[in-house]
Amino acid sequence: MKKYLLALLLLTSVFAVAVETEYVQFAKNTDFNVVKRAEENWDPAAMISLNVQGGSIVYLTNYTSNFNELYDIGDPTYVDPGSHMRLGFDMTKDNYGYREAIRDSEGKLIGLGEFHSGTGEKIDFTFPSTDPNDPRAPTTPGYFLGEFDKDTEIFFYMTPLDNNYHIGPVDTYNLLSGQNLQSRQINTVDQLGRVRVNLAPGNDVSHEFAIASLAKEDVPPSGQPLPGVLTSCLVALGATGIAARRRKQSRK
């Protein structure tokens with residue numbers, strides 16, 4: 001009976017550890033492409049795309065402004081303390097996603113692929129302080145954007161939230177639904193050096209998000225233990241069984 005209880009305890013510990021995930025990599029400024037549009041030929045209105053590394057699963061999170069608390073970009077109560085305007089996005093299925101960039105043989109951008117919607121699924125990411133003497137490590141949800149088998153250039157599509165209505169969708173390529181997007185910017189980074197993708201949809205409030213991506217083998221299916229942890233658990237269970245058998249033999 002004791003062995004079964006120990007096994008249950010170890011397995012429970014595995015699933016508890018799998019709840020939060022530390023980032024593996026995040027988008028740097030050099031991962032983005034900035035292309036000016038002929039109809040709005042100024043920097044803040046430039047088209048912004050991201051080069052995603054093959055073998056990655058990409059999640060969208062809030063940027064790290066401090067190490068006390070990180071807000072959920074999909075939380076409708078996430079507001080600006082000054083204007084009291086909502087700062088987040090509608091992170092439900094069909095309200096955010098991406099399109100692949102299509103380039104010709106010379107590398108010129110000539111169009112976009114089909115729309116790929118995010119699923120709305122999320123996992124918690126932990127972003128620890130960069131100071132080794134600072135134990136703070138806040139978490140924030142990361143929303144699933146897509147799984148990429150090969151290197152892919154993408155444009156983001158997002159739906160910012162206002163106090164009274166959905167603003168979007170707006171995007172980092174061109175405008176959808178006739179919405180007014182004043183600017184798209186990537187000239188600011190957060191406390192961890194992650195690029196803050198800034199969309200200003202014309203309501204005097206900037207809406208921002210950051211990117212956290214994981215190597216595909218590092219992200220288990222929902223409800224499954226993290227790689228390595230399950231192995232450790234099995235090793236621990238095996239060692240427990242061996243020790244028990246040895247104790248039985250010693251008593252004979």
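**His84.** I started with His84, which is exposed, with a relative accessible area of 52% (buried means under 20% relative accessible area, exposed over 50%, partly exposed in between, with a 1.4 Å probe and protein chains only). I found His84 in the loop between strand 5 and strand 6 (97-103) (strands are DSSP runs of E, at least two residues, numbered from the N terminus). Although His84 is not a glycine, its phi is positive, about 65°.

**Ground rules.** I'm working from a predicted model, where local features need pLDDT of at least 70 and side-chain atom pairs count only at pLDDT 80 or more, while totals for chains, interfaces and linings use all residues. Residues are numbered from 1 along each chain as its sequence is written, and side-chain values use heavy atoms, with hydrogens and water left out.

**Asp94 and Asn95.** I stayed in the loop between strand 5 and strand 6 and looked up Asp94. Asp94 has a positive phi of about 75°, and it is not a glycine. Asn95 lies in the loop between strand 5 and strand 6 too, and I noted it as partly exposed, with a relative accessible area of 24%. The side chain of Asn95 makes a polar contact with the side chain of Thr92 at 2.9 Å, and another polar contact, of 3.3 Å, joins the side chains of Asn95 and Asp90. (A polar contact is a pair of N or O atoms within 3.5 Å; within protein, one must be able to donate a hydrogen and the other to accept it, and residues adjacent in sequence count only if both atoms are side-chain atoms.) Not counting residues up to four places away in sequence, Asn95 touches Asp90, Tyr157, Met158 and Thr159 (contact means heavy atoms within 4.5 Å). I also checked Pro160: Asn95 and Pro160 are 65 residues apart in sequence and 9.3 Å apart in space, C-alpha to C-alpha.

**Strands 6 and 7.** Six bridges join strand 6 to strand 7 (residues 109-117), and the two run antiparallel (strands pair if DSSP finds at least two bridges between them). I see Arg99 standing opposite Phe115 in strand 7. The two strands form a hairpin with five residues between them, and Gly107 in the turn has a positive phi of about 90°.

**Glu208.** Buried or exposed? Glu208, in strand 14, is buried, with a relative accessible area of 12%. Its side chain makes a polar contact with the side chain of Arg196 at 2.8 Å, and the side chains of Glu208 and Asn198 are joined by one of 3.3 Å. Leaving aside neighbours within four places in sequence, Glu208 is in contact with residues including Asn62, Tyr63, Ile73 and Phe89.

**The core.** The largest nonpolar core has 26 residues, and those with the most contacts inside it are Phe32, Leu60, Phe156, Phe209 and Ile211. (A nonpolar core is a set of buried Ala, Val, Leu, Ile, Met, Phe, Trp, Tyr and Cys residues joined through side-chain atoms within 4.5 Å.) Strands that each supply at least two residues of this core include strand 5 (56-61), strand 10 (152-158) and strand 14 (207-215). I went through Phe209: not counting residues up to four places away in sequence, it touches Leu60, Ile73, Phe156 and Leu199, among others.

**Asp31.** Last entry: Asp31 is in the loop between strand 2 (25-26) and strand 3 (32-35). Its side chain reaches the backbone nitrogen of Lys28 at 2.8 Å. Beyond neighbours within four places in sequence, I listed Phe26, Ser49, Leu50 and Asn51 as contacts of Asp31.

Methods. Helix = DSSP H or I, 4+ residues; strand = E, 2+ residues; numbered from the N terminus.
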